[in-house]
Amino acid sequence: MIHYVLIGLGVFIAILSVVAVFDLLPPLRIVPDSTHFDFTRFRRISFPISAVLSICAITLFFTHGLNLGIDFRGGILLEVKAKSGVADIAAMRASLEKLGLGEVQLQQFGSAADVMIRVAEQPGDDAAQQVALNKVKETLGESVTIQKSDVVGPRASGEYLAHGMIGLIAAIGGILIYLWFRFEWQFALGAMIANVHDIVLTIGFMSLSQVDFDLTSIAALLTILGYSLNDTVVIYDRIREILRRYKKMPMPQLLNESINQTLSRSIITHITVTLALIALRVFGPHPIHSFTDVMIFGVVLVGTYTSIFIAAPILIYLGVGSHRGDGDGGKTVA
């Protein structure tokens with residue numbers, strides 16, 4: 001069945017490629033070129049709302065905390081291979097959950113026969129972990145081959161969490177340096193505020209919803225940073241271009257023009273990402289549900305809002321365009 005789906009997708013992509021190359025259809029215009037919606041007038045509402053939501057998110061993080069997954073709490077890790085050639089993950093999960101060992105995660109990797117099993121850390125010392133590991137092995141029986149088994153202790157799980165946080169901070173620092181060289185410092189600071197805003201609100205959502213916070217969640221946060229930056233840079237590029245062309249255009253009007261000109265691209269991008277994430281959420285296995293939930297919230301909801309109502313209007317308060325020349329080669333706007 002999967003093979004037919006892939007073949008169908010390949011044919012569909014080939015048809016779209018031919019249509020695009022030979023220009024068989026008129027350009028798709030989601031937003032008319034004559035659109036001049038005033039986005040920046042909402043900055044006096046969006047900034048206080050974002051400030052309140054950020055404070056609530058930080059408060060939730062320190063009071064409610066995150067639902068740390070097995071990666072960060074410690075537990076039992078096994079890699080098994082089904083002797084039949086195809087692993088029956090549903091049956092394996094049902095049999096393991098009957099053991100009453102707490103949270104159990106099964107994830108397919110590599111071939112259809114390879115399965116990674118994570119079991120929550122058991123109360124007690126190392127002997128208790130070993131007893132739980134033996135129970136899991138006995139339950140799986142002779143239907144699988146144990147390729148790897150390990151007990152992840154609190155120290156190792158703490159190192160995973162520390163390394164994940166270091167990676168997240170390093171990514172934010174790298175983005176700041178990149179933007180500093182590409183744009184003026186005000187643009188770099190504005191984009192950084194927008195990125196931190198996205199991460200803070202997403203962490204608040206994770207604390208409120210108590211989705212599993214594991215290594216896939218770190219990957220989701222890094223992906224959100226990338227998408228948010230991409231959307232912001234597209235708008236900032238257009239802002240810089242119009243700044244050079246129109247020396248006397250009021251800054252709010254200039255920002256509105258930039259957002260409206262890139263709005264069609266932003267809508268198409270977020271629609272395609274949303275469709276992909278919904279498909280992953282509906283048809284994907286349970287271990288990636290936390291990843292897709294975080295992505296849907298961070299990229300589709302928060303990311304779209306931030307790029308339009310935070311990243312662009314904040315340039316007004318950072319002084320972008322306040323020292324432009326009067327008529328030195330640029331166009332003027334009546």
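This note sets out numbered points on the predicted model shown above.

1. Basis of the model. The structure is predicted: local features need pLDDT of at least 70, side-chain atom pairs count only at pLDDT 80 or more, and totals for chains, interfaces and linings use all residues. Residues are numbered from 1 along each chain as its sequence is written, and side-chain values use heavy atoms, with hydrogens and water left out.

2. Confidence. The predictor's confidence in each residue is given as pLDDT, on a scale from 0 to 100. For the protein chain the mean is 81, and 88% of the residues reach 70 or more. Helix 2 (residues 43–63) has the highest confidence, with a mean of 93, while helix 3 (residues 70–73) has the lowest, with a mean of 72. Where pLDDT is low, the predicted coordinates should not be read in detail.

3. Overall make-up. The protein chain contains 11 helices and 6 strands; these are DSSP runs numbered from the N terminus, helices being H or I of at least four residues and strands E of at least two. Of its 334 residues, 40% count as buried. Here buried means under 20% relative accessible area, exposed over 50%, and partly exposed in between (1.4 Å probe, protein chains only). Contact means heavy atoms within 4.5 Å; among contacts between residues at least 6 apart in sequence, 79% join residues at least 24 apart.

4. A nonpolar core is a set of buried Ala, Val, Leu, Ile, Met, Phe, Trp, Tyr and Cys residues joined through side-chain atoms within 4.5 Å. The largest one has 51 residues, and those with the most contacts inside it are L179, F187, Y236, I239 and L315. Two or more residues each come from helix 6 (154–182), helix 7 (185–209), helix 8 (215–245), helix 9 (251–283), helix 10 (289–311) and helix 11 (314–317). Helix 8 supplies the largest share, 12 residues. Leaving out residues up to four places away in sequence, Y236 touches F183, F187, G190, A191, A311, A312, I314 and L315.

5. Second core. A separate core of 20 residues is also present, and L78, V104, A132 and V136 are among its members.

6. Surface. Accessible areas come from the Shrake-Rupley method with a 1.4 Å probe, and for residues only the protein chains shown count as cover. The protein chain exposes about 17900 Å², of which carbon and sulfur atoms supply 66%. I177, W180, F181, W185, L189 and I193 make a nonpolar surface patch of about 680 Å². Helix 6 and helix 7 are the elements that give two or more residues to this patch. Patches are made of residues with over 30% relative accessible area and no salt bridge, with like charges joined within 9 Å and nonpolar side chains (Val, Leu, Ile, Met, Phe, Trp, Tyr) within 5 Å. W180, which lies in helix 6, counts as partly exposed because its relative accessibility is 49%.

7. The loop at G85. G85 lies in the loop between strand 2 (75–82) and helix 4 (89–97). With a relative accessible area of 38%, G85 is partly exposed. Apart from neighbours within four places in sequence, G85 is in contact with A112 and A113. The C-alpha atoms of G85 and A112 are 7.0 Å apart, although 27 residues separate the two in sequence.

8. D114 is buried, at a relative accessible area of 10%, whereas K81 is partly exposed at 31%.

9. R240 forms a salt bridge with D237, with 3.1 Å between the closest N and O atoms. Because these residues are 3 apart in helix 8, about one helical turn separates R240 and D237. R240 is partly exposed at 22% relative accessibility, and D237 is partly exposed at 24%. E241 and R245 also meet in a salt bridge (4.0 Å, N to O). They are 4 residues apart in helix 8, so about one helical turn lies between E241 and R245. Salt bridges that share partners join R238, E241 and R245 into one network.

Key:
Salt bridge = Lys/Arg side-chain N within 4 Å of Asp/Glu carboxyl O.
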